[in-house]
Amino acid sequence: MNRRFLLVLLSSVSTAVLFLFLVVLFPGERGSFGLKLMGLRIKQGNNTFSALHRKLLHGTTMKEPNRLPGEKCTKADIVINQGATRPLPTGIPTYTVEIMNICFTGCDISGIHLNCGWFSSARLINPKTFRRLHYNDCLVNDGKPLINGGTVSFQYANTFLYPLSVSRVICS
């Protein structure tokens, strides 16, 4: 009887220690317990998106964009990330751009146009990947569909980073 009591006590203590270990190691938001092992955090403007089933970046909670009834996708389903990379040998700064389709409904998105000002680059960019059509109108992926979960990336070189944002898309 004494052995059973010790076995039950030891089992309870080890379970409690394991639970406390998980709470400390994987804290949730606002004091809640949450396991955020493989999250995705994407910041676009004031919105932060994340999904537990994707490993594109790193992160927290994902909020589906507001949709009208029957609407398959919106321009919020396209996320743009860009950051500085190693400069050219001439010293001109370079930037890497990633354009991702994070559509919740599994849609492919085509006709992706970005607001891009007078975008130009000292480094050649494949025009099928990204090109400026007019002032403040750049076309991604030659207008072809970007599959759900797909990414288009390119590098450009200029003395400053161009702010890029989605202006319009076509839901495929």
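In this predicted model, a polar atom of the Thr 94 side chain sits 2.5 Å from the backbone oxygen of Arg 86. The Thr 94 side chain also makes a polar contact, at 2.7 Å, with the side chain of Thr 85. Thr 94 counts as buried because its relative accessibility is 1%, and the cut-off for buried is under 20%. Setting aside residues within four places in sequence, the contacts of Thr 94 take in Gly 83, Ala 84, Thr 85, Arg 86, Pro 87 and Leu 88, and then Arg 123, Tyr 156 and Ala 157.

Thr 94 belongs to strand 5, which spans residues 94–101. That strand is part of an open, antiparallel sheet of 3 strands, ordered 4-5-9. Strand 4 (78–85) and strand 9 (151–157) are the edges, each pairing on one side only. On average, neighbouring strands here are turned by 20° against each other, if direction is ignored. Strands 5 and 9 run antiparallel and are joined by 7 bridges; in one of these pairings, Met 100 has Thr 151 of strand 9 as its bridge partner.

As for the nonpolar side of things, the largest core has 24 residues. Those touching the most other members are Ile 99, Leu 114, Phe 119, Phe 130, Phe 154, Tyr 156 and Leu 164. Strands 4, 5 and 9 each give two or more residues to this core, and so do strand 6 (109–115) and strand 8 (137–140).

Notes:
Residues numbered from 1 in each chain as written. Predicted model: local features only at pLDDT ≥ 70, side-chain atom pairs only at ≥ 80, totals over all residues. Heavy atoms only, no water. Pairing = 2+ DSSP bridges. Helix = DSSP H or I, 4+ residues; strand = E, 2+ residues; numbered from the N terminus. Axes fitted to C-alpha atoms, helices over the stretch in contact; angles between N-to-C directions. Core = buried A, V, L, I, M, F, W, Y, C linked by side-chain atoms within 4.5 Å. Buried < 20%, exposed > 50% of the residue type's maximum accessible area, 1.4 Å probe, protein only. Polar contact = N/O pair within 3.5 Å; in protein donor to acceptor, adjacent residues only side chain to side chain. Contact = heavy atoms within 4.5 Å.
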